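Open the viewer and get ready to click. This tour goes stop by stop: select, look, move on.

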Amino acid sequence: MIKFQPLNAAQFDDYRRYFIADYGQEISLNFRVPLAQALVQAETALAESFPAGKAQPGHHLLSIEIDGDTKQNRSAQQIGYFWLTDTEKTHTVFINDFVIFSELRNKGLGRAAIDALERKLKDQGVTQLKLRVAFENTRALALYQAVGFNITGLNMAKTL
């Protein structure tokens, strides 16, 4: 069973390293900026929402976990992260980032995590879930469409 826990300090440090590298690559590729500049932009984006590792109002950084097995004496296993932003006025949550660790992909865990998140959010009165997916991330796009997300537009950029 999938469950969600707020990140502790050590997990936040791990997430920070992952996010800056991953998002920096995405920024560099999609917006054609030098990687060094893109990494600074990624770090700034995270720091604005989580100054000193503390979430700003409305931001939630969650560990995605699979319940342990008490019969086999196994504790819960972290399988990825969700970074969510909620907008209470519109009962909307935006997925800023979602990752299942690479070694655990292609096992149905992404779908299971989204399904569990949807159940949790519905119970909290959320009526809409939104996200943005990078153009070249065809695996994620396929997953999101398979679980019912609709394409609502396209982001475009031009370097001047």
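Which side chain meets Glu26 in a salt bridge? Select Arg132 and look at the N to O gap: the two side chains meet at 2.8 Å. Keep in mind that this is a predicted model.

**Stop 1**

Colour helix α1 and click Glu26 inside it. Then click Arg132, in the loop between β5 (128–131) and α4. The pair links parts of the chain that are 106 residues apart. Glu26 counts as buried, because its relative accessibility is 17% and buried means under 20%. Arg132 is partly exposed, with a relative accessible area of 36%.

**Stop 2: other salt bridges**

How many salt bridges does the structure hold? There are four. Select Glu43 and Arg16 next. Their side chains meet in a salt bridge at 2.3 Å, N to O. Glu43 sits in helix α2 (residues 35–49) and Arg16 in helix α1 (residues 9–31), so look for a link between parts 27 residues apart. Glu43 is partly exposed at 35% relative accessibility, and Arg16 is partly exposed at 32%.

Now pick Asp67 and Lys3. They form a salt bridge whose closest N and O atoms are 3.7 Å apart. Asp67 lies in the loop between β2 (59–66) and β3, while Lys3 is in strand β1 (residues 2–6), so the pair ties together parts 64 residues apart in sequence. Both partners are partly exposed: Asp67 has 32% relative accessibility, and Lys3 has 27%.

**Stop 3: along helix α1**

Bring the side chains back. In α1, the buried residues are Gln11, Phe12, Tyr15, Phe19, Ile20, Gly24, Glu26, Ile27 and Ser28. An α-helix has 3.6 residues a turn, so residues three or four places apart point the same way. What covers the buried residues of α1? The cover includes β1, α2, β2, β3 and β4.

**Stop 4: the nonpolar cores**

Select Phe4, Ile64, Phe82, Ile95, Phe98, Ile100 and Leu117. These have the most contacts inside the largest nonpolar core, which has 24 residues. The elements giving two or more residues to this core are β1, β2, β3, β4, α3 and α4. Which element gives the most? That is α3, with six residues.

Zoom in on Ile100. Leaving aside neighbours within four places in sequence, Ile100 is in contact with Ile64, Ile79, Gly80, Arg105, Leu109, Gly110 and Ala113.

**Stop 5: two positive phi angles**

Go to His91, in the loop between β3 (77–87) and β4 (92–100). His91 is not a glycine, yet its phi is positive, about 55°. His91 is partly exposed, with a relative accessible area of 43%.

Move on to Asn106, in the loop between β4 and α3 (109–123). Asn106 also is not a glycine, and its phi is a positive value near 65°. Is Asn106 buried or exposed? At 67% relative accessibility, Asn106 counts as exposed, because exposed means over 50%.

**Stop 6**

Click Val126, in the loop between α3 and β5. Val126 counts as buried, at 17% relative accessibility. Not counting residues up to four places away in sequence, Val126 touches His91, Thr92, Val93 and Leu121. His91 is the residue with the positive phi from the previous stop.

Now draw a distance from Val126 to Leu154. Their C-alpha atoms are separated by 24 Å, and the two residues are 28 apart along the chain. Leu154 is in the segment after α4 (138–146). Leu154 is exposed, with a relative accessible area of 72%.

Together with Leu154, they make a nonpolar surface patch of about 430 Å². Show the surface here, and the tour is done.

Technical notes
Residues are numbered from 1 along each chain as its sequence is written. This is a predicted model: local features need pLDDT of at least 70, side-chain atom pairs count only at pLDDT 80 or more; totals for chains, interfaces and linings use all residues. Side-chain values use heavy atoms; hydrogens and water are left out. Patches are made of residues with over 30% relative accessible area and no salt bridge: like charges are joined within 9 Å, nonpolar side chains (Val, Leu, Ile, Met, Phe, Trp, Tyr) within 5 Å. Accessible areas come from the Shrake-Rupley method with a 1.4 Å probe; for residues, only the protein chains shown count as cover. Helices (H or I, at least four residues) and strands (E, at least two) are DSSP runs, numbered from the N terminus. Buried means under 20% relative accessible area, exposed over 50%, partly exposed in between (1.4 Å probe, protein chains only). A nonpolar core is a set of buried Ala, Val, Leu, Ile, Met, Phe, Trp, Tyr and Cys residues joined through side-chain atoms within 4.5 Å. Contact means heavy atoms within 4.5 Å.
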